[in-house]
Amino acid sequence: MSIKIDIPSYMKSSTDNRGVVELNGSTVGECLNHLVKQFPRMKKQLFSKDGNLFENIIISINGESAYPEQLAKPVKDGDEIKIVLVVGGG
Amino acid sequence: MLTTNERERYDRQIIIQGFDQEGQEKLKRAKVVIAGGGGLGSPSSIYLAAAGVGKIRIVDHGSVELSNLNRQVLYWDEDIGKKKVASAIDKLKRLNPEIEIEAIDETITEANVSRLVAGFDLVVDAMDNLPTRYLLNKAAVDRNIPFFHGAVYGFEGRAMTIIPGKTACLECVYHGATIPQGKFPVIGVAPAIIGCIQATEVIKYIVGIGELLTDRLLIYDGLNLKFTELKVKKDPNCKHCGHLRREDRK
C-alpha cells in the first residue's frame with residue numbers, strides 16, 4: 001500500500017522540505033499518524049491538543065473533499081491525499 | 001444599446017467569439033458589489049470597471065496605509081491617509097468614466113450586509129477575514145445572488161464561484177472553520193491573480209460564456225506555481241444553503 005501525501009508549501013519546513021511523502025495506511029487518519037511519526041513537527045501543524053484535526057484543514061483524496069469524518073475515510077494503494085489549508089486573507 | 005464610444009472602448013472583447021455586442025450590453029446592464037477594497041478588491045474592481053460592468057459598488061471602511069501599497073494597487077503613495085472608497089472611486093472613474101461607481105464607507109456586519117447587497121446582481125468576496133465572508137455568503141444565498149469567493153495567504157490563493165441553491169456554497173466547503181485573525185502574510189501578486197480570477201468568473205457569468213468555477217475550490221500555490229482543485233459537493237445539511245436544496249426537491 002503506497003499513499004502519496006501532498007504537503008502544503010507552508011508546512012514543508014516540517015517535512016525536511018519534501019512536498020510529497022509516500023507512506024502506508026488504510027485510512028486518512030492512519031496515513032497522517034504515520035506522517036507524524038516520520039516528521040514529528042507535523043503533529044502541531046495538523047492536530048489540536050485533543051488529537052482532532054484542526055478545523056482549518058480540509059483533506060482531499062484524489063482531488064475530492066473527504067469531509068465529513070475525514071480521518072476515518074478509507075484510502076487505497078495509489079491514492080493521493082492533499083492537505084488543504086483554509087485561508088481568509090485578502 | 002452601446003454608444004459609438006463604448007463600441008470602440010470594448011472593441012477587443014466584443015470580437016471574442018461568443019462575447020459579441022450582446023455580451024457587452026449584458027455587462028453594461030450588470031450591477032456588481034465588490035465587498036472589500038483591498039488586495040482582492042483592487043484588481044477585481046479595476047478589471048470589472050475596464051470591462052464595462054455598468055454599476056460597481058465597492059464597500060470598505062478603511063483608510064489607505066503605507067503597508068497596504070504592496071498589494072492594494074488601487075491606491076498609490078499620494079493616497080496614504082485618504083479613505084479607500086474615495087480613492088477607489090477617483091481611480092476607477094478616471095479609468096472608465098462611462099460606468100457608474102458607488103463607494104460605501106461602511107464595515108460589513110450582520111446588521112447591514114443584506115442592505116449592502118440588495119438590488120445588485122452579483123457579489124464579489126474581496127474581504128480580508130473569514131467571519132465577514134460567511135456573512136456575505138449567507139446574505140448572497142438568502143437573496144439568491146451569485147457569489148464569487150476569493151482568499152489569499154502568502155503566495156497562496158483560493159477561489160470558487162457559488163450559484164445559490166445550485167452549487168456548493170462557502171459554508172458547504174469550510175463548515176464554519178475559523179482561522180486566527182490579524183495581520184496575515186501576503187505578496188501582492190497572490191491577490192492580483194485571485195482577484196483577476198474572480199473578475200474573470202464575474203464576466204463569464206454575466207456574458208454567459210465558458211464554464212464556471214463551481215463545485216470546485218481552486219487552489220493556487222504560487223511558490224510551486226501550481227493550480228489544483230478540490231472537488232466539493234453541495235451539503236444538504238449546510239447551515240446556509242441546505243434549505244434551498246430541500247425546497248428544490250419539492
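Okay, housekeeping. Since the model is predicted, local features need pLDDT of at least 70 and side-chain atom pairs count only at pLDDT 80 or more, while totals for chains, interfaces and linings use all residues. Residues are numbered from 1 along each chain as its sequence is written, and chains are lettered from A, ligands numbered from 1, in the order in which they are written.

Let's start with chain A. You get 2 helices and 5 strands there; helices (H or I, at least four residues) and strands (E, at least two) are DSSP runs, numbered from the N terminus. Reading from the N terminus, the order is β-β-α-α-β-β-β. The radius of gyration is 12 Å, close to the 12 Å that the globule rule gives for 90 residues, so chain A is as compact as a globular protein of that length. For the record, that radius is taken over C-alpha atoms, and the rule is 2.2 Å times the number of residues to the power 0.38. Along the principal axes, the C-alpha atoms fill a box of roughly 40 × 30 × 25 Å.

How much of chain A is buried? Buried residues are 30% of the 90. By buried I mean 20 or more other C-beta atoms within 10 Å of the residue's own; exposed is 12 or fewer, partly exposed is in between, and C-beta atoms are placed from the backbone. Of the contacts in chain A between residues at least 6 apart in sequence, 49% join residues at least 24 apart. A contact is two C-beta atoms, placed from the backbone, within 7 Å.

Next, where the chains meet. The classes: Ala, Val, Leu, Ile, Met, Phe, Trp, Tyr, Cys and Pro are nonpolar, Asp, Glu, Lys and Arg are charged, and the others, Gly among them, are polar.

Staying in chain B, look at helix H4, residues 41-51. It's mostly covered, with 9 of its 11 residues buried, including Ile46(B) and Leu48(B).

What does H4(B) pack against? Helix H5 of chain B, residues 84-95, at about 30° with the axes 9 Å apart. That makes the two helices roughly parallel, a label for angles under 35 degrees; over 145 is roughly antiparallel, 65 to 115 roughly perpendicular, and the rest oblique. Ser45(B), Ile46(B), Ala49(B) and Ala50(B) of H4(B) meet Ala88(B), Leu92(B) and Leu95(B) of H5(B). Those residues split into 6 nonpolar, 1 polar and no charged.

Tyr67(A) and Pro68(A) are joined by a cis peptide bond, omega about -5°, and Pro68(A) sits in the loop between strands E4 (64-65) and E5 (80-85) of chain A. Glu69(A) lies in that loop between E4 and E5, and has a positive phi near 45°. Is Glu69(A) buried or exposed? Exposed, with 10 other C-beta atoms within 10 Å. Over in chain B, Asn144(B) has a positive phi near 60°, lies in the loop between H7 and E5, and is exposed with 11 other C-beta atoms within 10 Å.

Key:
Axes fitted to C-alpha atoms, helices over the stretch in contact; angles between N-to-C directions.
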